[in-house]
Amino acid sequence: METSASSVAAYFLQDTIQTFRSMKKLADRAMEQLEASQFRAAPDPESNSMEIIIKHMHGNMLSRWTDFLTSDGEKPTRDRDGEFESGALDREQLLQLWEEGWSALFAALEGLGPDDVLRTVTIRGEAHTVLQAIQRQVSHYGYHVGQMVYLAKHLRSAHWQTLSIAKGQSRGFKP
């Protein structure tokens, strides 16, 4: 069976959207387990709290995905340093930022077609193909979602509800 470049690009976009949806769902499920006060907790002064990670991802997502094909992915209005400062946002406000960032991402990706995958976009003045720019963000967001899950698990400790196969239960999932 021959596969056209266009069908591969369409599959890539579809798979990327699914990957991001799975990533978001994992973080959502971790955050659901936290008390409101735990959104500001960090293991130590050099580590990020859930609040900081959410603010950073929100800022990054709006910057990268707004006008994705037509403007630099690092918008002049972004306050990246401010994303790493603790503020007075409550849980609901943080979750609004979270949803706003993901909405920008999904709107941009769902607006792309197979012919867009090899187009050039810029991030901080550096040229990337759309494919490269997307992969950059898959890696970046996966990194932060992993931090979020680890932090939530740490904060919930014995009250943590696993998001995958529980320890000692893998044998029950073998084919």
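1. Axes here are lines fitted to C-alpha atoms, for helices over the stretch in contact, and angles run from 0 to 180 degrees between N-to-C directions. This is a predicted model: local features need pLDDT of at least 70, side-chain atom pairs count only at pLDDT 80 or more, and totals for chains, interfaces and linings use all residues. Residues are numbered from 1 along each chain as its sequence is written, and side-chain values use heavy atoms, leaving out hydrogens and water.

2. The protein chain has five helices and two strands. Helices (H or I, at least four residues) and strands (E, at least two) are DSSP runs, numbered from the N terminus. Their order along the sequence is α-α-α-α-β-β-α.

3. Helix 1 (residues 5-32) packs with helix 4 (residues 91-110) at about 175 degrees, and their axes are 11 Å apart. Helix 1 is therefore roughly antiparallel to helix 4 (a term for angles over 145 degrees). Contact means heavy atoms within 4.5 Å. Helix 1 contributes residues including Ile-17, Phe-20 and Met-31. Helix 4 contributes, among them, Trp-98, Trp-102 and Phe-106.

4. Of contacts in the protein chain between residues at least 6 apart in sequence, 76% join residues at least 24 apart. The C-alpha atoms fill a box of roughly 50 × 50 × 25 Å along the principal axes.

5. The protein chain has 175 residues, and 41% of them count as buried (under 20% relative accessible area, with a 1.4 Å probe and protein chains only).

How values were computed. Buried < 20%, exposed > 50% of the residue type's maximum accessible area, 1.4 Å probe, protein only. Parallel < 35°, antiparallel > 145°, perpendicular 65-115°, else oblique.
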